Amino acid sequence: MRVKYFPDTDTLLLTFSNHAIVDTFDINEDVLAEVDEHGHVVSMTIEHAQRQTDVNAFTFERVAV
């Protein structure tokens, strides 16, 4: 998984896999989900990211199985 923030456009890109994107769906006017040929989410694009999340504070936690 990769997370990239582009401050010049205030866009957050969350990439979950390297599969080819075949379609894009609007979740709302600022969030897009890109899917592969099987309908699995490949990435999500969040426009106006600072309005929707705190891009300055990112945490990741792996939960024990």
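This is a predicted model: local features need pLDDT of at least 70, side-chain atom pairs count only at pLDDT 80 or more; totals for chains, interfaces and linings use all residues.
Modeller: Residues are numbered from 1 along each chain as its sequence is written, and side-chain values use heavy atoms, with hydrogens and water left out.

Biologist: In what order do the elements of the protein chain run from the N terminus on?
Modeller: Helices (H or I, at least four residues) and strands (E, at least two) are DSSP runs, numbered from the N terminus. The protein chain has one helix and five strands. Their order is β-β-β-β-β-α.

Biologist: What share of the residues of the protein chain count as buried?
Modeller: Buried means under 20% relative accessible area, exposed over 50%, and partly exposed in between, using a 1.4 Å probe and protein chains only. The protein chain has 65 residues. The buried share is 25%.

Biologist: Which residues form the largest nonpolar core?
Modeller: A nonpolar core is a set of buried Ala, Val, Leu, Ile, Met, Phe, Trp, Tyr and Cys residues joined through side-chain atoms within 4.5 Å. The largest one has five residues. They are Leu 12, Leu 14, Val 31, Ile 46 and Ala 49.

Biologist: Which residues does Val 31 touch, not counting residues up to four places away in sequence?
Modeller: Contact means heavy atoms within 4.5 Å. Val 31 belongs to the largest nonpolar core. The residues touched by Val 31 are Phe 25, Asp 26, Met 44, Thr 45, Ile 46 and Gln 52.

Biologist: Which residue forms a salt bridge with Arg 51?
Modeller: A salt bridge is a side-chain nitrogen of Lys or Arg within 4 Å of a carboxyl oxygen of Asp or Glu. The structure holds one. In it, the closest N and O atoms are 2.9 Å apart, and the partner of Arg 51 is Asp 30.

Biologist: How many residues apart are Arg 51 and Asp 30?
Modeller: Arg 51 forms a salt bridge with Asp 30. The pair links distant parts of the chain: Arg 51 sits in helix H1 (residues 49–52), and Asp 30 in the loop between strand S3 (23–28) and strand S4 (31–35). The separation is 21 residues.

Biologist: How far from Asp 10 is the nearest side chain of opposite charge?
Modeller: Asp 10 is found in the loop between strand S1 (2–6) and strand S2 (11–15). Asp 10 is buried, with a relative accessible area of 17%, yet has no salt bridge. Lys and Arg count as positive and Asp and Glu as negative; His and the chain ends are not counted. The nearest side chain of opposite charge is Arg 51, at 6.9 Å.

Biologist: What is the phi of His 48?
Modeller: Most residues other than glycine have a negative phi. His 48 lies in the loop between S5 and H1 and is partly exposed, at 37% relative accessibility. His 48 is not a glycine, although its phi is positive, at about 50°.
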